[in-house]
Each structure stands twice: as C-alpha cells, then as structure tokens.
Amino acid sequence: MPLREVRRLAWRAITAHRLRSVLTVLGVVVGIGSVIAFATFGASVQAEVVSQFQGTGASEIYVTPGGEDGGPPGEDFTRPAFTTHDVGELRDIEGVQAVVPRGIVPTSSVAFGGQTLARSRMTATTEAAFSETVLVSGRAFRAGADEIIVNEAAATLFERNLTVGSTVTVAFGDRTQNVTVVGIVSGTRGSITPTFAGGTPRFYLPADPFYRTVVESPTLGVDQRAYPQVTVVATAGETESVKRAVEASLQADSDAAQLLPPDTEIGVRSRSDIVEGVQSVIDRITRFVTGVAVLSLIVGAFGIANIMLVSVTQRTREIGVMKAVGATNREVMALFLAESVTLSGAGALAGIPVGLGVGYAATRYAEVGFTIAVGWIGIAVGIGLVIGVVAGLYPAWRAARVDPIDALRYE
C-alpha cells in the first residue's frame with residue numbers, strides 16, 4: 001500500500017469522528033503548551049536576571065564572610081569582620097580602582113516635610129560607591145559631613161519629593177540628626193543586589209561619622225571600623241587576576257581571617273560567579289517545573305491510546321475487509337500508527353503557538369523580557385511525536401493481529 005494511500009485512509013478515519021479527534025488533540029495541545037509556556041517563562045526570567053547582573057559591575061569583586069566556591073554567603077554574612085586595615089591592604093593591590101566598604105547603621109525613623117516614616121536601617125559606605133554613571137543628580141557625599149544620598153525610590157517616599165538640598169531628620173535610637181540630601185542615585189557600586197531591585201528605597205550615609213561598629217584590629221591592636229561586606233572594583237580586563245590577589249591578601253594575615261571563626265570561609269566572588277550561580281538555580285527550577293508539565297503530555301498519550309483502541313474495536317470489520325483484499329499486517333499497523341502520529345503531530349503543532357502565547361502573557365504580567373526557549377520547543381514537539389508513536393503501537397499491533405475471517409463475521 002503506497003504511503004500516500006496510508007495517509008489518506010488515516011485522515012479519513014480521523015475526520016470520521018471529528019469531535020473525538022479534536023478532544024484527543026486538545027489533550028496533546030495542553031501538554032505541549034504547558035511545557036513550552038513554563039520553559040519560555042523560565043528562560044525569560046533567567047535572561048532578565050542575568051542581563052541585570054551583567055549590566056553593571058562587571059569588574060566588581062564581592063568579599064563577604066562565608067560562602068565557599070562562589071556559593072551564597074554563610075551564617076556569618078552580617079558579621080563585621082573587614083577592618084579599615086583590611087580595606088587599606090586591598091586598596092594597595094595592583095589593578096584595584098576602588099574599594100567600597102558597606103555596613104549597616106541602625107535607625108528608627110526618617111522625617112521630612114512634617115512627615116515621619118519608620119526606617120530600621122540605612123547603609124553606610126564611602127564616596128567611592130557613587131560613580132558618575134549612577135548619579136541622577138547632585139554629587140557624592142563627603143567623609144565627615146552630615147550628608148545623605150538617596151536612590152530614586154527613596155526620593156519619592158514622602159508627599160513632597162526629596163531633592164538635592166533637602167534636609168531630612170534621621171532618628172538614631174534616642175538621638176536625632178539633620179542631614180542634607182546631596183545626591184540622588186539609580187544604584188551604587190558595591191551592591192550585590194542588581195538594578196531590578198531599584199524599586200526598594202535606599203538611604204546611604206557616610207561611614208565617617210555615622211558608622212560606629214568597631215572591633216580591635218588583631219594586626220594593629222587598636223579599635224577600627226569593621227564592615228560585613230567589601231567590594232573591590234578592578235580595572236577592566238583584570239578582574240580574575242585581582243580576584244586571586246584579593247583571595248591571597250585575605251588569608252591568615254588579614255584581620256578578617258583572625259576575627260572570623262576558624263571554620264568560616266571568606267567568600268570572594270566576581271560578578272560572573274554570581275551570574276553562574278543564578279543561572280544554575282533558575283535552570284534547576286525551570287527543569288523541575290517543566291518536568292511536571294510533561295506529566296500532562298503523558299495524560300495526552302493515554303487519550304491517544306484510548307481513541308486508537310476504540311477505533312480498532314469499531315473498525316474490526318473494516319480491518320477484515322482490508323486483509324481479505326490483500327493488506328498485510330505491516331500495512332494495517334502502518335495505518336493505525338499513521339493515525340496516532342497525525343493526532344499527536346497536530347497537537348504538537350497547535351501547542352507551539354498556545355505555549356508561546358501563554359508564556360508571553362506571563363512575561364508581560366511579571367514585567368520581564370520575552371525570550372523563546374527554542375531548545376525546549378524542540379524537546380516538547382519531539383516528546384509529543386514519540387508519545388504518538390508509543391501510544392499507537394499497542395492498538396496498531398492489536399489491529400494487525402485481527403483474524404480476517406473472525407473480523408468479517410464481526411457485527
């Protein structure tokens with residue numbers, strides 16, 4: 001029997017029961033669409049996160065207590081361990097443009113224009129955290145000055161927007177102090193948080209005079225400011241060499257190595273290390289969620305198998321006639337397999353635009369860019385076609401084994 005005739009007979013059998021065929025195809029469409037939608041959304045989120053991480057700070061190296069092999073910081077992440085002495089040692093490394101220490105200043109509130117808002121903490125850092133590229137207006141603060149810098153989200157917290165020159169009152173426990181807004185920024189150097197977190201209000205104070213967390217330097221034997229995080233800004237193209245030098249500098253002779261518990265590692269991670277970690281996490285989540293969606297494809301396979309078994313039963317007499325006029329077992333099997341693959345193929349083709357449409361809607365809702373997961377589309381379609389073959393094998397085999405004499409007697 002020619003292949004064209006097999007396709008014609010398969011299509012005639014499918015269209016003879018349109019509603020049943022459409023419902024079977026819908027099961028495959030749901031499965032394929034779910035896989036593609038989840039995979040597309042995962043790829044879109046990953047692309048968005050990675051682009052935000054890579055967009056700024058490509059030459060930044062983050063130093064924190066805890067976190068081995070580029071992993072996340074450990075339980076000592078907030079421990080103030082990097083002293084002013086350590087910061088100076090890092091600044092002297094060849095290829096280092098700037099060293100940006102960061103600490104937390106406990107506060108209780110911030111007031112402006114007769115409005116008071118609760119605020120439990122502000123970030124203490126140095127003017128090296130504010131390059132020209134992040135300044136929206138104003139300038140970086142000066143060490144020793146009663147000045148403050150806010151990000152764009154913080155500038156709009158009050159009924160009257162903060163501007164350069166505004167005076168705000170910050171409450172530090174039982175005391176208050178007036179500080180002047182000297183700059184509004186879109187972000188900072190030294191922040192591990194990427195720019196998509198810019199919607200969170202941030203307030204920045206100069207470490208001198210507001211940051212008062214001190215420890216005794218084991219190297220110098222005097223009290224010094226100690227920070228929980230330090231960011232080293234390397235010269236472009238020298239990030240890896242500077243990273244190795246920073247790791248060497250923070251070995252046993254540094255204050256941090258002596259202040260931290262013996263089993264605590266000092267995490268030294270470049271932006272690329274963080275990007276790889278983020279990609280790995282999102283990949284795992286995407287694979288898991290998409291794997292769950294594959295279960296709906298298996299349900300679709302049962303639907304195909306069911307309709308094919310019903311078709312074999314209903315067409316027993318037709319099969320007998322075909323065999324009586326010379327059709328071989330192989331040709332009968334090919335006919336029913338062709339029907340099964342046609343149903344799964346139609347579901348796969350229809351599932352692609354459905355999945356992409358749902359994925360696109362999800363990215364619009366989440367406000368992330370749209371990225372097509374081409375690999376997953378191929379996998380989903382391939383699985384759909386394989387399911388069509390597998391689901392049709394038993395019904396086709398059963399049809400091929402029908403005895404023509406018994407089939408002709410079948411009512």
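Trainee: Is phenylalanine 112 buried or exposed in this predicted model?
Mentor: The relative accessibility of phenylalanine 112 is 9%. The cut-off for buried is under 20%. Because 9% falls under that cut-off, phenylalanine 112 counts as buried.

Trainee: How many aromatic pairs are there?
Mentor: Rings count as a pair if their centres lie within 6.5 Å. By this rule, the number of aromatic pairs is six.

Trainee: What is the geometry of the pair of phenylalanine 112 and phenylalanine 158?
Mentor: The ring centres are 5.7 Å apart and the planes stand at 75°. An angle over 60 degrees is the cut-off that applies here. The pair is therefore edge-to-face.

Trainee: How many residues apart are phenylalanine 112 and phenylalanine 158?
Mentor: Phenylalanine 112 sits in strand 4, residues 109-112. Phenylalanine 158 lies in the loop between helix 4 (152-155) and strand 9 (167-172). The pair thus links distant parts of the chain, and the separation is 46 residues.

Trainee: Is phenylalanine 158 buried or exposed?
Mentor: Phenylalanine 158 has a relative accessibility of 2%. Because that is under 20%, phenylalanine 158 counts as buried.

Trainee: What kind of aromatic pair do tyrosine 360 and phenylalanine 370 form?
Mentor: Tyrosine 360 is in helix 10 (residues 329-366), and phenylalanine 370 is in the loop between helix 10 and helix 11 (374-400). Their rings are 5.3 Å apart centre to centre, with 80° between the planes. With over 60 degrees as the cut-off, the pair is edge-to-face.

Note on methods. Residues are numbered from 1 along each chain as its sequence is written. This is a predicted model: local features need pLDDT of at least 70, side-chain atom pairs count only at pLDDT 80 or more; totals for chains, interfaces and linings use all residues. Side-chain values use heavy atoms; hydrogens and water are left out. Rings of Phe, Tyr and Trp (its six-membered ring) pair if their centres lie within 6.5 Å; planes under 30 degrees apart count as stacked, over 60 as edge-to-face and the rest as tilted. Helices (H or I, at least four residues) and strands (E, at least two) are DSSP runs, numbered from the N terminus. Buried means under 20% relative accessible area, exposed over 50%, partly exposed in between (1.4 Å probe, protein chains only).
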